[in-house]
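I opened the notebook for this model to look up strand pairing and aromatic contacts. The entries follow in the order I made them.

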Amino acid sequence: MTDPAIAAYFLNAKPANLKGDLKTFGTLFESLVIRDLRVYAQSIGGEVYHYRDSRDLEADAIVLLDDGRWGAIEVKLGPSRVDEAADHLKTLAERVDNGTEPSFLAVIIGWGYAYTRPDGVHVIPIGCLRN
């Protein structure tokens, strides 16, 4: 588990640079979220995985607990891509057949408000992640 701030330092990624390079900013943000999810999941006996199948269906993070419960997460820097991410997660939940339904589907964003969409997908700003 490496802090993505180390990568940002060596990239000389100042705030002004990152505002102009949202792809790099998004990659660093996703790394930060995955690092935090691993810390929180491991503290309750879980693991975090990336998922991609032969049809190119993927999830940024799958949280799997020791008792078999699991959830899928997409990470988006801003709230403007929540609908797209939620649709993606719902497709994944429909197609993955491992014998159990996901306990949750969530989109983690960089800022905004936490809420649950009418379709049940949780939208969670990174500042709300807690153990």
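Buried is under 20% relative accessible area, exposed is over 50%, and partly exposed lies in between, with a 1.4 Å probe and protein chains only. Strands are DSSP runs of E of at least two residues, numbered from the N terminus.

Source notes. This is a predicted model, where local features need pLDDT of at least 70, side-chain atom pairs count only at pLDDT 80 or more, and totals for chains, interfaces and linings use all residues. Residues are numbered from 1 along each chain as its sequence is written, and side-chain values use heavy atoms, with hydrogens and water left out.

Next I looked up the partners of strand 6. Strand 4 (residues 104-109) runs parallel to strand 6 and is joined to it by four bridges; a pair of strands needs at least two DSSP bridges. Isoleucine 109 has proline 125 as its bridge partner. Strand 5 (residues 115-116) runs antiparallel to strand 6, with two bridges, and threonine 116 stands opposite histidine 122. The hairpin of strands 5 and 6 has five residues between the strands, and glycine 120 takes a positive phi near 90 degrees there.

Last, I searched the whole structure for aromatic pairs and found one. Tyrosine 9 and phenylalanine 10 are edge-to-face, at 5.1 Å centre to centre and 85 degrees between the planes. Rings of Phe, Tyr and Trp (its six-membered ring) pair with centres within 6.5 Å; planes under 30 degrees apart are stacked, over 60 edge-to-face, the rest tilted. Tyrosine 9 counts as exposed because its relative accessible area is 65%, and phenylalanine 10 because its relative accessibility is 67%.
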